Amino acid sequence: MSGADMRNLALAALAFLVAALLPLVDTGYWLSIGVSIAMYTVLATSWTLFSGPTNYISLATAAFFGIGMYVVAAGLDYASFPVLIVLAAVAAAAFAGIIGLATLRISGVYFVIFTLGLAELVRQIVSWAQHVMGSSSGLYVLIGMSDAALYWLLLGLAAIVFLIGWLIGRSRLGFALRIIGNDEVVAVHVGIDTSRAKVVLFVISAMFAGITGALVAPRWSYVEPTLAFSPFLSFQVVIMSLLGGTHRLWGPLLGVVPFTLLWEFISARFPAQTTLLLGVAFLLIVYAIPNGVVGLCETAYRRWRYAK
Amino acid sequence: MDIIVTGLLLGGTYALMAMGLQLQYGVARIMNLANGEVLIAAAFGTFWFFAATRFSPLWALLFVVPLAFVVNGAVYRVLLLPLVRRARNQGQLEVDSILATFGLSFIAVGLLQATVGGEYLSYSYLAEPVVIFGERYGLNRIVAFVGAVVLCAMLYLWLHRTRTGLALRAVAVSPSSASLVSINVARASALAFAMGGAVTAAGGTLLSMFLTFDASLGVIFTLKALVIVIMGGVSDIRGAIVASFILGFAETAVASLVDPGLTLAAAYMLFIIVLLVRPEGLFGRRS
């Protein structure tokens with residue numbers, strides 16, 4: 001580990017410590033924004049772990065998130081909350097593994113298409129299963145958890161995601177993924193087991209979405225298929241990651257913070273037009289800043305260096 | 001028997017919708033995730049037309065289809081062509097066009113919700129029973145099926161009997177070779193994209209005759225069309241037709257034997273089977 005690595009690690013740790021102080025300052029509005037930001041940071045960063053280097057766009061975050069949420073909601077009578085979080089991670093990872101094995105062995109757009117309707121598919125199956133078993137479609141998750149506790153849990157999870165992302169970036173696996181993203185044919189020819197690398201990363205990324213869903217479940221307190229598997233979530237995660245920039249580990253964070261604040265404002269002002277405005281924001285990002293905020297910063301930095 | 005006939009009738013309209021997507025993906029190389037929204041918009045258009053004039057919804061084709069042609073052509077020109085120019089390779093274009101059309105689909109859903117609200121709509125046209133093999137079917141389904149067959153046949157003849165159709169098929173096979181024999185690839189792509197939207201819209205008009213729909217339903221139809229195109233093979237129109245009927249049968253079977261809420265599961269099941277067994281599609285060639 002070089003000196004620069006040590007310095008970056010120390011800086012990151014310091015940033016997390018500062019972020020962890022938020023509940024001591026405010027426990028109302030800003031803490032709830034903080035919870036949203038922490039949640040989307042986990043989701044967007046773990047999304048980028050897989051989709052960033054490989055360019056395989058996953059539109060299925062909501063499916064894994066919802067699975068995690070449902071594991072908690074349905075299992076609360078039988079197991080304790082920490083056990084359920086582990087189960088949620090396992091369930092989301094197993095589901096992602098099956099999907100990955102079916103779709104990621106072949107390159108191309110199959111994966112994207114498959115993930116497009118995945119949340120809706122799981123929603124249909126869950127609704128159907130509930131119908132067959134005769135339970136009502138809504139489930140209550142009544143665990144007392146303060147916003148501050150949830151915030152710290154999500155922040156801790158975010159730290160784990162960043163750490164794992166950093167480790168992957170330094171590993172052979174991360175190197176392999178970058179080659180796959182640049183040219184998959186080359187990757188195969190230099191002897192990379194491309195499907196294994198892709199599936200492993202997809203599983204890791206889905207696992208974090210599952211854990212997030214499980215953690216957030218008590219805050220929602222009422223879980224229902226249409227809410228838990230809302231396609232909006234997948235969309236927001238993609239949009240935030242792209243806004244921030246997907247070729248740096250900390251890129252999504254730069255998208256999550258402004259977008260969450262902006263979205264808070266928009267959904268309060270124009271509650272009826274959220275879908276439309278989300279689409280417009282998305283197009284603006286795809287066309288105007290294809291490399292995200294990070295890309296803009298890096299170009300500006302390079303120009304500044306060049307000018308000197 | 002019931003399942004076979006209903007599946008057949010459903011498959012006809014699916015074929016139309018899938019052929020639209022196939023033109024867009026096969027020729028213009030744009031994976032259009034907003035395809036289902038075109039279908040739903042056409043269904044809404046037909047609903048208004050029928051509510052306002054009480055003429056047969058088939059007449060709505062006369063304005064829905066040209067309108068979809070113009071709108072899709074404009075979308076291609078304004079939004080997608082810059083992506084085609086910007087893309088360094090096919091993979092880049094695929095990612096960009098998926099993201100752009102995904103954003104477009106949300107805009108379309110938002111616009112539809114803003115104009116009609118979120119409720120489910122349907123209208124009653126030719127809702128009288130017809131007896132086939134001892135079972136009763138809605139006349140509107142049969143009319144829609146016949147309409148779909150006629151339109152499919154017209155599209156097929158257009159693609160296989162005219163010079164323009166030949167040019168489109170050439171671009172589908174290889175854009176670079178097509179430009180060598182002086183086919184204007186950019187124009188052919190734009191035409192294919194606009195035409196694809198028009199065909200999908202025709203499918204939406206026919207579908208609206210017997211289906212209840214709402215603004216958020218588009219993504220499901222996009223997915224079905226995508227599954228059909230992949231199952232049939234990207235470059236062959238016959239594949240799409242056969243695959244449409246397979247999906248029609250599978251969905252009807254699941255809906256009547258298991259649960260009507262699980263039709264998407266049927267589509268996914270077929271998708272997985274195709275991916276595991278024959279990823280190049282029924283009529284596709286192994287590369």
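## Reading a predicted two-chain model

Me: How far does the predictor trust chain B, and what is its mean pLDDT?

Reply: Chain B has a mean pLDDT of 84, and 96% of its residues reach 70 or more. pLDDT is the predictor's confidence in each residue, from 0 to 100. This is a predicted model, in which local features need pLDDT of at least 70 and side-chain atom pairs count only at pLDDT 80 or more, while totals for chains, interfaces and linings use all residues. Residues are numbered from 1 along each chain as its sequence is written, and chains are lettered from A and ligands numbered from 1 in the order in which they are written. The model scores ipTM 0.82 and pTM 0.88.

Me: Which elements of chain B have the lowest and the highest mean pLDDT?

Reply: Elements come from DSSP runs: helices are H or I of at least four residues, strands are E of at least two, and both are numbered from the N terminus. In chain B, strand S1 (residues 129-132) has the lowest mean pLDDT, 70, and helix H8 (residues 185-208) the highest, 90.

Me: How many helices and strands are there in chain B, and in what order do the elements run?

Reply: Chain B has eleven helices and two strands. From the N terminus the order is α-α-α-α-β-β-α-α-α-α-α-α-α.

Me: Why is chain B called as compact as a globular protein of its length?

Reply: The radius of gyration is taken over C-alpha atoms, and the globule rule is 2.2 Å times the number of residues to the power 0.38. For the 287 residues of chain B the rule gives 19 Å, and the radius of gyration is 18 Å, close to that value, so chain B is as compact as a globular protein of that length. Its C-alpha atoms fill a box of roughly 55 × 45 × 35 Å along the principal axes.

Me: What does the count for chain A give?

Reply: Chain A has 16 helices and two strands. Its radius of gyration is 20 Å, close to the 19 Å that the globule rule gives for 308 residues, so chain A is also as compact as a globular protein of that length.

Me: How is burial read, and what share of chain A is buried?

Reply: A residue is buried if 20 or more other C-beta atoms, placed from the backbone, lie within 10 Å of its own, exposed if 12 or fewer, and partly exposed in between. Buried residues make up 46% of the 308 residues in chain A. Of the 287 residues in chain B, 54% count as buried. Pro258(A), in helix H14 (residues 251-269) of chain A, is partly exposed because 13 other C-beta atoms lie within 10 Å.

Me: How is the packing of H14(A) with helix H16 (residues 292-307) of chain A described?

Reply: Two packed helices are described by the angle between their axes and the distance between the axes. Axes are lines fitted to C-alpha atoms, for helices over the stretch in contact, and angles run from 0 to 180 degrees between N-to-C directions. H14(A) and H16(A) pack at about 115°, with axes 7 Å apart. Angles under 35 degrees count as roughly parallel, over 145 as roughly antiparallel, 65 to 115 as roughly perpendicular and the rest as oblique; H14(A) and H16(A) are therefore roughly perpendicular.

Me: How many residues of each chain take part in the contact of chain B with chain A?

Reply: Two residues are in contact if their C-beta atoms, placed from the backbone, lie within 7 Å. The contact takes 34 residues from chain B and 30 from chain A. H4(B) gives the largest share of the chain B side, 16 residues.
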